[in-house]
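Trainee: I have a structure open and would like to learn how to read it feature by feature. Could you walk me through it?

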Amino acid sequence: MSYLRATRVASRVRFLSTKQSTSSIQEIDKYNDLPPNSRVFSMIQPTGRIHLGNYLGAVKSWRTLSNTNPDSEFIFGIADLHAFTTLKPATELKENRYQAIASLLASGLDVSKCVLYFQSAVPEHLELNWYLTCMTSMGQLNRMTQWKLKAQQSQTSSITDEKVMESTKAGLFCYPALQNADILLYRSTHVPVGDDQSQHLELCRNIAKLFNNTYGVDYFPLPKTLLTPAKKILSLKNPEKKMSKSDPVQASCVYVTDSPEQIQSKIKKATTDSIQGAWNYDPVSRPGISNLINIISGLTNESIDNTVANLHHLKDHKSLKDYVADLIVNEFDDKRQLYDELLQNKDYLEQVCKQGRDKAREMALVNIGEIKTIIGMD
Ligand code: TRP
């Protein structure tokens, strides 16, 4: 890899690592590449076709990392067991799973450089999940914010509240223990995720530490959070909310598979503001414009400051929107076609998944064997 390329990638990946004391999240702005022999792991839930938020928040950085660090290993999974925390008709789950794998391949993940597989195809995730669930306190889980969002509870809700307890499934509440099992099953060293997963990663390090201390071993590395550089992409129509497939407003979400006309029309309808004059990045008072700036920055790999500086030639909201739409159309053009072809070819998708499963399972079996020996379950 060329030096230039490496430093460019490195400077776009912010590192979080824990000092082993309590409040412990440290941000490092510059990082000169992943250390050799890192094992990088991440997952994405199969919610169907991937959208711009998923693409910039996860998949694009997975692709960049795995393409530019030949000395490291990359394992990327589709978290279908996590998706099961929201029950759906079987046909829909199955279709979502195919769409997720086709989207990842179409987005440019190269299976010669990473392992790509379905979580449910490697049952050792569930086995380790149990051991880790037994090491995780209800209090730790209760402090996590994601289940509250997903169970449509307020951020101050607590599982000790009778009503909250009735309406929250145990699987959703225990979701982070399974996520810890995903990461630790491969003894991963780095986990690229969006900001919303930082809390789960901190819990993961605590559980890894507890395991190591309990058994007097140095078995699990404490996985570092690799915070993906793109900011969270918001709904185009309501930039108060995250961009989401479940948004009933069609125009709020751009998919990797949208046609150029669909992309143009959605961007044209994006909510902005009526402020005239120079562009500025201000998520509070200009949420719509700032969201478009985040999109440009994510697609062009430029910092927010450089992105704003480069926009001076765009004189009005229409030209800004045209510019954003062109960037997205260009980025997704080849991916849309490939996605359609891949979905037509389910045999090929099956073959890719089997190959990924075999590689993942080989590692998982070795590690679960060692874990069982450590805990006395062999
Ligand atoms: N919880 C993650 C999300 O909602 C998905 C996920 C499941 C994950 N297992 C993981 C991410 C392991 C990183 C590592 O996006």
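Trainee: Let's start with α10; which of its residues are buried?

Mentor: Buried means under 20% relative accessible area, exposed means over 50%, and partly exposed is in between, with a 1.4 Å probe and protein chains only. In α10, the buried residues are Y175, P176, A177, L178, Q179, N180, A181, D182, I183, L184 and L185. With eleven of its eleven residues buried, α10 is largely enclosed by the rest of the structure. Before you go on, keep in mind that this is a predicted model: local features need pLDDT of at least 70, side-chain atom pairs count only at pLDDT 80 or more, and totals for chains, interfaces and linings use all residues. Residues are numbered from 1 along each chain as its sequence is written, and side-chain values use heavy atoms, with hydrogens and water left out.

Trainee: And how are the helices and strands themselves assigned?

Mentor: They are DSSP runs, numbered from the N terminus: helices are H or I with at least four residues, strands are E with at least two.

Trainee: Which residues are closest to the ligand?

Mentor: A residue is near a molecule if one of its heavy atoms lies within 4 Å of it. Here 14 residues surround the ligand, and the closest are H82, Y175, Q179, D182 and Q197. α10 gives the largest share of that shell, four residues.

Trainee: How much of the ligand does the protein cover?

Mentor: On its own the ligand has 360 Å² of accessible area, and the protein covers 91% of that; the areas come from the Shrake-Rupley method with a 1.4 Å probe. Two or more shell residues come from each of β3 (39-44), α10 (175-185) and β6 (190-193).

Trainee: Let's look at β6, then. Which residues sit on each of its faces?

Mentor: In a regular strand the side chains alternate between the two faces of the sheet. In β6, H190 and P192 are on one side, V191 and V193 are on the other, and all are buried. Two strands pair if DSSP finds at least two bridges between them. Four bridges join β6 to β7 (residues 224-227), and the two strands run parallel. The chain goes from β6 through helix α11 (residues 198-215) to β7 in a right-handed β-α-β crossover, meaning that, with the strands pointing away from the viewer, the path from the first strand over the helix to the second runs clockwise.

Trainee: Last one: where is N37, and is it buried or exposed?

Mentor: Most residues other than glycine have a negative phi. N37, in the loop between β2 (25-28) and β3, has a positive phi of about 65 degrees. With a relative accessible area of 67%, N37 is exposed. N301 also has a positive phi, near 60 degrees, but at 35% relative accessibility N301 counts as partly exposed.
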